[in-house]
Amino acid sequence: MTELPKARIATASLAGCFGCHMAMLDIDERLIELMTLVEFDRSPLTDIKTFTRRCDIGIIEGGCCNEENVHVLQDFRKNCDVLIGIGQCAIMGGLPAMRNAIMHSDEPLRECLEEAFINGRYIRNTTHNIPNDPALPLLLDEVYACAEVVEMDYNIPGCAPTGDVIFETLSKLLAGKFRGFERETIRFD
Amino acid sequence: MSDFTFTIDGTEITAKEGQTIMDAADDAGIYVPRLCDHEGLRHQGGCRVCTVKADGRSVSACTQPAAPGLTVENETPHINKLRRDLVEMLFHEGNHLCPICEASGNCELQAMAYRLDMTAPTKFPYLEPCRPVDASHPDIALDTNRCISCGRCIRASQDVDGKGVFGYVGRGIHRHVAANGEDLSHTDAEVTDFAISSEVCPVGCIIRKRIGFATPIGEREFDKGLIGHKISAKRDD
Amino acid sequence: MTPQTTTTPDQGEVARICDAFQSDPHRMLDILRDVQDRFRWISRETIRTVAEKTALSEIAVEGVASFYAFLSQEPKGAVTIRLCDDIVDRFAGLPEVTEAFENELGIKIGETSADGAYSLEYTPCIGMCDQAPAAMINDIVLTALTPDKVREICEDLKGGKRPQDLVSHRFDDLTPYERAIRMVDNNIRHAGAVLLGTTPADAGLKKALDLTPHQIIDSIEASGLRGCGGAGFTSGRKWRFAAETPAERRVIICNADEGEPGTFKDRVLLTERPHLLIEGMTIAARAVGATEGIVYLRGEYVYLRELLQDVLDDRRARGLLGERIMGMAGFDFDVRLQLGAGAYICGEEGALISSCEGLPGEPKTRPPFPVTRGYLDLPTVVNNVETFCHAARIIDRGAEWFFEMGKKGSHGTKLFSVSGDCLNPGIYELPYGLSIRKLLELAGGEDAAAVLVGGPSGTMIARDTFHRELTFDDLATGGAIVIFSSNRNILEIVEYYMSFFVHESCGYCTPCRVGNVFLQKAVAKFRQGLANPADIEYLKDLSSTIIETSRCGLGMTSPNPILSTLENFPLIYSAMVKPSENRIRATFDIQSAIADARHLAKRRSHIFDKDFGE
């Protein structure tokens, strides 16, 4: 039996909580099985920061709340054949996207930052400044779902998706047998 | 006119005079997906999720009278695609961020998405309404950014509670449910009203304060079974 | 008299307005219209008073107040200027007219001046496409506007003239008819045999007295008359259904809510043939056994209110309305005028009935149909202005006379409202069956590149199909013919019409309320050159969902501007699409997305400002 070349996977966590990456680890001992089929390239799991070469699959957790998220997502789109959004933040913005709907002023971003760093009820910020280190990426006007920024190929719903769903979906995709999710396994929470 | 029969997806069912297609289907244990319709409330025909083909014509099953010999198509790939589009439209119209919504797991919109295989609402642009939340009432809050305009609360309050706490305001994409008068605290709404009960608002628009997460995620209504399974179960009995 | 600035509504007077309508909740639209006219807005307090008086909940009153475009919950100027925003007006110089108003009044569109004297806003088609650009100034209509005219108008208004003084300095001495024709030209370009030729007064009604109701309906049915509002339902059958429904009372409603952009034929009939219209309604009343009638006049035609009121009064005085019409025992019928308040959807018969009942203009669930359960649950015939006028003439001249005109399945004549890029915009009464090419010749529109038949909910056709005929079976139309020359941008037209439907959807059902917004956004993407090849399929797919699932005719036809141009002008779409580069979406604009943050942080982007940090 000739061994198939392993699929290369890259992953990134954008504006997410890293929960979906943790959920990937919930695949548990089946990881060993998975690792016979894949190898990881750029990913927080490998600590590889840039693409070493083109990947078959990119997995994106989180949506885009700042310019760096956009940059990473676009980079993934350029370097991966198939891009998979994982979790509600990647799919529709998720928790960070709450800010999109609570902004009523003409300067929503200022309002949002002032609430977060100056005016909020539980804020103790003696400098009364909004952090503005040059190393901080610029925030976007609102939080964008990944599909608003680049074309996504698949989405795995959940907050976070269970290890089972992630494993099943990846295995089927790798085998070219993915035909959609089992109804009973779909959850958005 | 006495009882008569017609077919839904090839199954012959019996209907009484005056019944809509949905009434008769419910009695027969055939589930027709719906959001704005609710047992015990007047039919509205607004969400259009119950769209079926009756003798080839698109109608809303909740308002269309059943008729002798009618051929109704319900669960076809084409019709379910239309329904999926409608559900997806509603996801994009409001702010339906399930992970932050206390209705998650009890939400009929979400459950309908599950049933109709809508895994990710990415088809349309997000409209992201920005209406203020009405938290004026001591026991109830209203977040109309999650309203799907089903109007169930309006009919429940008028017809069951005899109150008229809610109504529609606005037109077109701006149309939404609002409280009678200035805000909820100025109404005679009580948390014990039928209109406020968990079964009336299908989404997380009407919120009963302080009980949101009493039942943990994973153990809620639609974690136990697909939406509609209770009606389908009648047929198996 | 200087325009009055906005006042806090005196609740005593609000109550008196309610009293004038016996505080009847079914007259809610009249009450709120009068309150709006008097105080220029409907305040929270006013809503409370009206609710108390009519024994409705505040939310029920607010539901009506927030539905109609001409009612406002914010104070409007004592003089409210509504510029007709139709695409025909835009092409006829609306942008310059708008600019002139903005400069003269010192306010932008959508604003009210700080002193409460003026409001400036856009409103969809007000039925003056043959003399665009046009505007309503309170209840006055001004047409064929130019920036110079606007400067004059504003000077006059600021100098203390009332809006009506803009029409004539002796406005108060003019008859309602004189006022109407001074404001608006009829532009009758071709008078046909039925409606715009000679029409002997009440000849049909006299003959109807000698016929049994059955015979009247038989005659209407035999004439082949079909509804002239657009849907084309056989009028005789409609009357028969209503007549056959057992009831104590029946109702005749005239649909004069002529809202389809590009349509203005009823405007001309209401001005020139109002007696014929009421005659037709009276005949219908005899045929179906109705005692009550309503003329539902669109709010945009408020300038015709007095004229119609006078006609009704005159007919009552002459025994042509009221009890014992023409001395016939048991023939009792009277008509009231119901003004709309800016809602296209009210042209849909169920919505029109809702509106007559004092409700938001939402279509009713069908079945039951209005002929069995309509206005206040009574059997109701709703017909278009033109249909009633035809009916009166048919009873006078006989079914055969009418049947002989036109084509098989499309009998008699039809009024066409022709506007856009042509030499002779106006009204053409012609037998059914004329080709578009022939009509273009008559109107001096031979340069047309596209013709919109039946308004946005109809069909947009291209040069290669100008041989098509105006019949119910080929190109059905309620009367709108809008001509576009090759200088016009089809996508701009389509985007405008989609924004019209978004504005006019009542919001009752999901597909129409939400789906049309997505269609509009998608067309905008094409216009901006940001569309993908896949977006063409997206337009078709979304359109078909909206058509198949919508609750009423508005949603079932709203995608037509897109679908008919995709079919007849496919190149304008395919020329605008390009595949996204590296599958990165062109619609996402990083520069605008970080503009706010850049401004707030007072620094530029390390990543996306290429010249920075290198």
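These legends describe close-up views of a predicted model.

**View 1. Two helices of chain C pack against each other.**
Two packed helices are described by the angle between their axes and the distance between the axes. Here the pair is helix 19 (residues 490–504) of chain C and helix 20 (residues 510–527) of chain C. Their angle is about 160°, and their axes lie 9 Å apart. Angles over 145 degrees count as roughly antiparallel, so helix 19 of chain C is roughly antiparallel to helix 20 of chain C. The crossing of helix 19 of chain C with helix 20 of chain C is left-handed.

**View 2. Residues at the contact of helix 19 and helix 20 of chain C.**
Helix 19 of chain C contributes L491(C), E492(C), V494(C), E495(C), M498(C), S499(C), F501(C) and V502(C). From helix 20 of chain C come N516(C), V517(C), L519(C), Q520(C), V523(C), A524(C), F526(C) and R527(C). By class, this contact has ten nonpolar, three polar and three charged residues.

**View 3. Chain A touches chain C.**
Chain A gives 20 residues to the contact, and chain C gives 18 residues. On the chain A side, the elements that give two or more residues are helix 3 (67–79), helix 5 (108–119), strand 6 (139–144) and helix 6 (146–149). Helix 3 of chain A gives the most, with seven residues. The side of chain A that touches chain C has nine nonpolar, three polar and eight charged residues.

**View 4. An open sheet in chain B.**
Strands of a sheet pair through backbone hydrogen bonds, either parallel or antiparallel. This sheet has five strands in the order 2-1-5-3-4, and the pairing is mixed. Strand 2 (11–15) and strand 4 (57–60) of chain B are the edge strands. Each edge strand pairs on one side only. From one strand to the next, the twist averages 35°.

**View 5. Strand 5 of chain B and its neighbours.**
Strand 1 (residues 4–8) of chain B pairs with strand 5 (residues 71–73) of chain B in the parallel sense, over two bridges. T7(B) stands opposite T71(B) in strand 5 of chain B. Helix 2 (residues 77–93) of chain B packs on the sheet and touches strand 3 (51–54) and strand 5 of chain B. The direction of helix 2 of chain B makes about 150° with that of strand 3 of chain B.

**View 6. Two domains of chain B meet.**
Chain B is divided into domain 1 (4–75) and domain 2 (82–223). Their centres, taken over C-alpha atoms, are 25 Å apart. Domain 1 of chain B gives twelve residues to the contact, and domain 2 of chain B gives 18 residues. The domain 1 side has six nonpolar, four polar and two charged residues.

Conventions. Residues numbered from 1 in each chain as written. Chains lettered and ligands numbered in written order. Predicted model: local features only at pLDDT ≥ 70, side-chain atom pairs only at ≥ 80, totals over all residues. Axes fitted to C-alpha atoms, helices over the stretch in contact; angles between N-to-C directions. Helix = DSSP H or I, 4+ residues; strand = E, 2+ residues; numbered from the N terminus. Parallel < 35°, antiparallel > 145°, perpendicular 65-115°, else oblique. Left-handed = near helix turned anticlockwise from the far one by under 90°. Contact = placed C-beta atoms within 7 Å. Nonpolar A, V, L, I, M, F, W, Y, C, P; charged D, E, K, R; others polar. Pairing = 2+ DSSP bridges. Domains from an automatic or database assignment.
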